[in-house]
Amino acid sequence: MRPGLERTSARGRSNHNPTLFRGRCRPPRHAQHQRLMASLFGASVAAAYALHRPILPPAVVAAILAEAGSGVKRIVDIACGSGQLTLALAAATPRATVVVGLDASPAQLSFARDADPGGRVLWRQGTATETGEETGAADLLTVAQALHWCVPARPPASPAPPPRPFYVEAARVLRPGGTFAAVSYGLASICAADADGGTPLPAATAVLHAAHDDTLAAYWAPERALVLNGMRGLDPTPGEGFPRVVRRAARMSSAPLTPAAIAGYVASWSATAAAAAAGLDVAREVGAGLEAALGGPAARARLDWPVTLLLAARAA
């Protein structure tokens, strides 16, 4: 992770153009989200997710906890997946702090529990709009790489429609003055393994981006465009109980990875799972392409992602 978090409204450095997806994306159908999430993240995708999704770096976790302030007693991580952010928050807070990981997918929760042999986190099945948490119980509510599944986008110039159900639930669960934090990382580039955020490798990046933009174009859910746009339109509003929102941009880099490991990350994409159901093995194709671009199966490179962090305070 490159040091520090920048307060900004920009998406961060990336050569990828999210407008490529606009013509292919239908309006989000959020009434179907919970069923979609549970079906997409079955055992095979959950396994890839647990093995190959990046761990959010300490700087991001520290920024979230700094915004929440001292005295945090209960944290609820919504759509926690296999627990990448949940476990990082648990490790960075006192043992007395209760940390809840909530997800709609039993397979994801199974991997999360396996990664938490000491039982530090309370893992529960639930949805983003029906958390089962008591009113005003949480000091901090988080969502990592899943806000686009939880909230329909709102155009910047739209009139004030009714509050979106997720933010109704978030405002209910958070205590007055509590903190909401959402993290999202966009499409990675591939860099040399010599240093964190090393020299860009255009040929290898082209393999990854071709799979994302072209091979999988018909298999991405409409909400993917919201990830590529840095969660634009997903910010909570004053009418939804959050009068102050801060955006920050950052970067994160993986450890050095082989082509097979990068292909494993591609296997964790929801579109890759949808393509597999149609008989396409996109992860294998990416692995072969990266071996050619990087110089063999033992070659190593880093993934480098743009990161967006949303921080909001619930009305006091």
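Student: Is C80 buried or exposed, and what is its relative accessible area?

Tutor: Happy to walk you through it, and keep in mind that this is a predicted model. C80 counts as buried, because its relative accessible area is 6% and the cut-off for buried is under 20%. To find C80, go to the loop between β2 (74–78) and α4 (84–91). Now check who sits around that loop residue. Leaving out residues up to four places away in sequence, C80 touches T86, G101, L102, D103, L109 and W123. Pick G101 from that list: C80 and G101 are 21 residues apart in sequence, yet their C-alpha atoms are 5.5 Å apart in space.

Another loop residue is worth a visit. A217 lies in the loop between α8 and α9 (224–228), and A217 is buried too, with a relative accessible area of 14%.

Next, the nonpolar cores. The largest one has 55 residues, and the members touching the most other members are I64, I190, W269 and L303. Take L303 and skip residues up to four places away in sequence: its contacts are A188, S189, I190, L208, M252, S253, S254, L257, I262 and Y265. There is another core apart from that one, with 29 residues, including V76, L102, V151 and Y167.

Last stop: a pair of helices. Two packed helices are described by the angle between their axes and the distance between the axes. For α8 (residues 202–215) and α12 (residues 282–294), the axes come within 8 Å and cross at roughly 160°. So α8 is roughly antiparallel to α12, since angles over 145 degrees count that way. Their crossing is right-handed. On the α8 side, the contact is made by A203, A204, V207, A211 and T215, and α12 supplies V282, E285, V286, G289, L290, A293 and L294.

Definitions and conventions:
Residues numbered from 1 in each chain as written. Predicted model: local features only at pLDDT ≥ 70, side-chain atom pairs only at ≥ 80, totals over all residues. Heavy atoms only, no water. Core = buried A, V, L, I, M, F, W, Y, C linked by side-chain atoms within 4.5 Å. Buried < 20%, exposed > 50% of the residue type's maximum accessible area, 1.4 Å probe, protein only. Contact = heavy atoms within 4.5 Å. Axes fitted to C-alpha atoms, helices over the stretch in contact; angles between N-to-C directions. Helix = DSSP H or I, 4+ residues; strand = E, 2+ residues; numbered from the N terminus. Parallel < 35°, antiparallel > 145°, perpendicular 65-115°, else oblique. Left-handed = near helix turned anticlockwise from the far one by under 90°.
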